[in-house]
Amino acid sequence: MKASPLAIYPDLVDKRVVVTGGGSGIGAAFVEAFAAQGARVSFLDIADSDGMALQEKLKAAKHSPKFVRCDLTDLDSVASVFNAIHKNMGTTDILINNAANDVRHNMDEITSAKWDASIAVNLKHLYFCSQAVVPGMRARGGGVILNLGSISWHLALPNLTMYMTAKAGIEAMTRGMARDFGTDNIRVNCIIPGAIKTPKQTLLWHTPEAETKIFNGQCLKVRVEPEDVANLALFLASKSAAKCTGREYYIDAGNYGDGA
Ligand SMILES: NC(=O)c1ccc[n+]([C@@H]2O[C@H](COP(=O)([O-])OP(=O)(O)OC[C@H]3O[C@@H](n4cnc5c(N)ncnc54)[C@H](O)[C@@H]3O)[C@@H](O)[C@H]2O)c1
């Protein structure tokens, strides 16, 4: 079942939005949903063909979203990309820290370099992308940062310790930033997706058996789609959520795990 039609949030029109990892999956749904609200969206990714295809698909939007190639693990590149975006578009009103890579692993295959690489792609850039946008938000009297967490560590999933450690850190980072920037009217929240039916997840492991396991764990027996996550992001980014900060918001059809 696809998400119901999007609500309209008039205050999102013309807002400057940056989505990391916006080329595919949930990030692409964010790009599409904010563009449909009339926001000016830039999205960062390393996936050139996905990024270009999405830019082409949405070129008729009020403000056609701009794909910007950026490896988020390269912090010099992150700084120069944000400088360029701010020069062209103006400073960021809404940052969605979405990019991640949920590689499965056993403990014996993890080296120090792999540990650092996992933290770089799953945790570190969220802090430095936020650092790039906060001064502009302060100067404008406010802003919104949405960080993507994960239900995985809440369910203690197997073979995901590095990713889950980073995702747990994101919840702490969210609270710390919400506290530090609350006086600047910058709201910082964490979206916690459950098992979302993205193209990558479907390709990797969403067999009928896996789907049954997901349904066993969820209160609602429906698949959660990227558009459902985007609907929550629109609400949290809008003025309707003006009093929401420093918290975690689940979009998971009530997923408590199947206990297996
Ligand atoms: N899909 C799920 O079921 C699920 C569940 C819980 C949490 N999440 C979280 O939601 C967010 C989006 O997940 P998704 O399933 O859409 O992921 P995805 O892997 O489908 O997409 C991630 C995007 O990030 C990009 N990316 C990866 N490394 C990058 C880098 N170094 N620089 C720039 N871009 C990079 C990828 O190219 C891709 O376009 C992630 O934070 C993920 O942890 C997803």
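Is tyrosine 127 buried, exposed or partly exposed, and what is its relative accessible area? Tyrosine 127 is partly exposed, at 42%. Buried here means under 20% relative accessible area, exposed over 50%, and partly exposed in between, with a 1.4 Å probe and protein chains only.

A word on the source. This is a predicted model: local features need pLDDT of at least 70, side-chain atom pairs count only at pLDDT 80 or more, and totals for chains, interfaces and linings use all residues. Residues are numbered from 1 along each chain as its sequence is written, and side-chain values use heavy atoms, leaving out hydrogens and water.

Now the aromatics. The whole structure holds 2 aromatic pairs. Rings of Phe, Tyr and Trp (its six-membered ring) pair if their centres lie within 6.5 Å; planes under 30 degrees apart are stacked, over 60 edge-to-face, the rest tilted. Phenylalanine 43 and phenylalanine 67 make a tilted pair, 5.6 Å centre to centre, with 40° between the planes. Phenylalanine 43 sits in strand β2 and phenylalanine 67 in strand β3, so this pair ties together parts 24 residues apart in sequence. Strands are DSSP runs (E, at least two residues), numbered from the N terminus. Phenylalanine 43 is buried, at 0%. Phenylalanine 67 is buried too, at 13%.

Tyrosine 127 pairs with phenylalanine 128, edge-to-face: 5.5 Å centre to centre, 70° between the planes. Phenylalanine 128 is partly exposed, at 28%.

Last, the sheet. 7 strands form an open parallel sheet, ordered β3-β2-β1-β4-β5-β6-β7. Strands pair if DSSP finds at least two bridges between them. The edge strands are β3 (66-69) and β7 (248-251), each pairing on one side only.

Notes
Helices (H or I, at least four residues) and strands (E, at least two) are DSSP runs, numbered from the N terminus.
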